[in-house]
Amino acid sequence: MSTTIPPRERPRQDARPDKPAARGRKGASGNRHSQRWLAWVFLAPTILGMGLFTLIPIVASVVLAFFRWDIISAPSFVGFNNFAEVVQDPTVRVSFLNTIVFVVVAVALQLGLALALAIMVQEKMPAWLRVFFRSAFFFPLILSAASVSIFMRYLFNEQFGVVNWLLSLVGIPAVPWLTTPGGSAAVVILVYVWQNFGFSFLLFIGGLASIPVETYEAASIDGATGWRKHLHVTLPLLSPTTLVASVMAIISALQVFDQPYVLTRGGPGDSTRTAVMVIFESAFQRLEFGQASAIGVLLTLIIMAITAAQFRLSKRFVFYQ
Amino acid sequence: MTGAINGQLRQITRRAALGALGAGIIGASVASWPRLSGTDIPGRGDNSLSIAILGTAADAAARQRAIDAFSSLHPDIKVKVQAIQAVDWKDFFTKILTMVAAGTPPDVVYVATEGAQLFAEKLAHPLDEYIRRDAADMREFFSDVHPSLVEAFMYKGSLYQLPMDWNAANMYYNTAAFAEAGLDRPADDWTHLDFRNNLAAMRKARPSDFTPYYWTNRLFGGVVPWLYANDTSFLKETRSTGGDWLWDGFYASDPSRSLRSGGYQWLEPNANDDRVFESFDYLRGLVKDGLGVRPEEGGGNSLVGLFASNRIGTTPAGGYWVQGLHEAGMAEDGFDVQFFPRWKTQRHQFGTAGYAMMKTAKDKDAAWEWIKFSSSRQAMELIFPNPATTPARRSMVNEKLYAGKGPAHWKVFYDTLDRFPTTGPIPAPPQQAAVETALMKNVSLAVSGDEQQLKQALASMQRDLEIALRRQP
């Protein structure tokens, strides 16, 4: 008598007792089914919102980039003409160049300042003061950029501004902050960085808190002190946070509008005109919504390319524990 | 077999029935729900005559007395004033355009010179037929309003608005600063060189914390008054034919009748004109010598406060400034006003505003009744109770309006039109917003560097204006 069971009669590994198995399978399937429905129900508002307010406008603006439309008359199809005109427009070219320069300088300052202050606050401050500084540095971010810019405009007025008055106390002559290309660019960057570094600061605070103390202790035993510890321990272990902070800072800086629009209206000349400003001007001042969409499409492609490059580079420079 | 069928039937019955019920409820709700549009916003969907003005809710409330007076005359017409807050006229027009795009345009819009041709070209309905129809009623209005103001609202031979208020760029001066510098009131025909000498005298008297000439970088009151005085502009100004029906009908005996046309046209840039260079060079000299400020783009918000605190010697502005200075605490004899300095001419720049009837107005007759009523003396006295602007009616620009507020020479305001009948409106073609941007963005550079930078800025302005004007309507 063979003890082996013929293959046909061998019970399947996943087989379950007859009746309860059927019930169980049915019950699990029903559960999965109802869970799927529940998931869709919970996701529906987000999907609907994203579809209505993000996806449809994105598709519509891409389509609009191939039309000439002034809001009032019916749109007319113009093929790639809008893209051709946009590329040839010197103001658009300068504004894109300004935006890139702005991103490089503003993001570097924003991240550098945020990181330095985060290390200082995290390491040198007592706990109660840490809480204060976290709030204080984050506070400008919750203010309206337009209101801040109006306020700053008064501060940096050449004749009657507080900044020049303070400078005059130490014998420095009035600086034409908002009426020279260099001065206005400096003020726009300064105001933007002041208002936005708080977010990067909070990210870095979180990142610093997640670095194990043992790592620093091990580095100390190995003889690392002061800035060497930060260079060889803090920065590598903070690199995932730095990646996130830089991606967000770059995307935000590429879309800068409020500060230059309120502070300088993009001037003098085109010195502080940014890509989003020319989108606004094309659409709402020149009533060329097709061209505005074409500029928007180009800006989106640039943002996507830069972000993709950042993630690609991150494979080499970001260290995950 | 039967069991299987029964089971399937049971399954279909339970799931499909519930599903069908749910789908049915949703479908019925969707089908029975009226399409959501901008008109569903409370207050928008009724048949009121909707009137859009630039301002705050307080400005809308200030018109209530005029609305009440209108309602007593026309109880069948319900009026709703919608105040739209905006930084400037350009911003206001943008918001009106978005209302048009949203399918909820107002019936009547208060439009300034800056947007007159944009509205005439694309959005507004001409008033010609109504003015002809009610010519007897309108005769009194036109007899009280200078034709220069009316001509600003002529476009290709048709009239699109009736001027309600206006302001010319006259020159305000601080009497204390003038006295301190040993200066008398300037003569009516003072020149741009006299003006510069006065600034130099004020600078000598007050070397610091004081600006002899403060000016803004805007379409009104910026560089344009100097261009007009030098008999030029940054756009080539031409006139349309037509409009004789209006001029012959209402202004036949006016001394300036021969100057009138079917409306202004600005079709080409003119920033490379020699006199444009000359005018900018003059301003550049003022900045270089510390007599005038380098103007910020769109500046001017702090101007009233600075002038009222005696930190500014002179600035170009219109009658609209009087109320602001009074509210800022400036005594009526603390300032005065004079014509803009003469150069090759003494042509002034002005801006005016009035109601435009939209093409899409639901009830155009009702819209016209509001426009006609608003132009009446009764309505204008209710709308303009103080010198926060200059009323278009000559008879309303009187001693009573300026009593206790100044300036001593308030007659300068309306005399500007009488003394200089070629005085013209802000150059504002239908592409005004783009044109204004092209001008503003190059002014600061033009007046704050060397001669080479000025030339480059004007070349850039010419190029930007070409782009702005490339699509003629």
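Modeller: Happy to! Where the chains meet, 29 residues of chain B are in contact with 22 residues of chain A. On the side of chain B that touches chain A, the elements giving two or more residues are helix H4 (89-101), helix H5 (113-123), helix H20 (432-447) and helix H21 (451-469) of chain B. Of these, H20(B) gives the most, with eight residues. Sorted by class, this side of chain B has 12 nonpolar, 10 polar and seven charged residues. Please keep in mind that this is a predicted model.

Now for the rest of the tour, beginning with the partner chain. Chain A is divided into domain 1, covering 13-64, and domain 2, covering 81-317. Between the C-alpha centres of domain 1 of chain A and domain 2 of chain A there are 40 Å.

Back in chain B, you can look for an open sheet of four strands, in the order E8-E11-E7-E12 and with mixed pairing. Its edge strands are strand E8 (211-213) and strand E12 (335-338) of chain B, each of which pairs on one side only. From one strand to the next, the twist averages 25°. At the E8 end of that order, E8(B) pairs with strand E11 (residues 312-317) of chain B in the parallel sense, over two bridges. To find this pairing on your screen, pick B:Tyr213, whose bridge partner in E11(B) is B:Thr314.

Notes:
Residues numbered from 1 in each chain as written. Chains lettered and ligands numbered in written order. Predicted model: local features only at pLDDT ≥ 70, side-chain atom pairs only at ≥ 80, totals over all residues. Contact = placed C-beta atoms within 7 Å. Nonpolar A, V, L, I, M, F, W, Y, C, P; charged D, E, K, R; others polar. Domains from an automatic or database assignment. Pairing = 2+ DSSP bridges. Axes fitted to C-alpha atoms, helices over the stretch in contact; angles between N-to-C directions.
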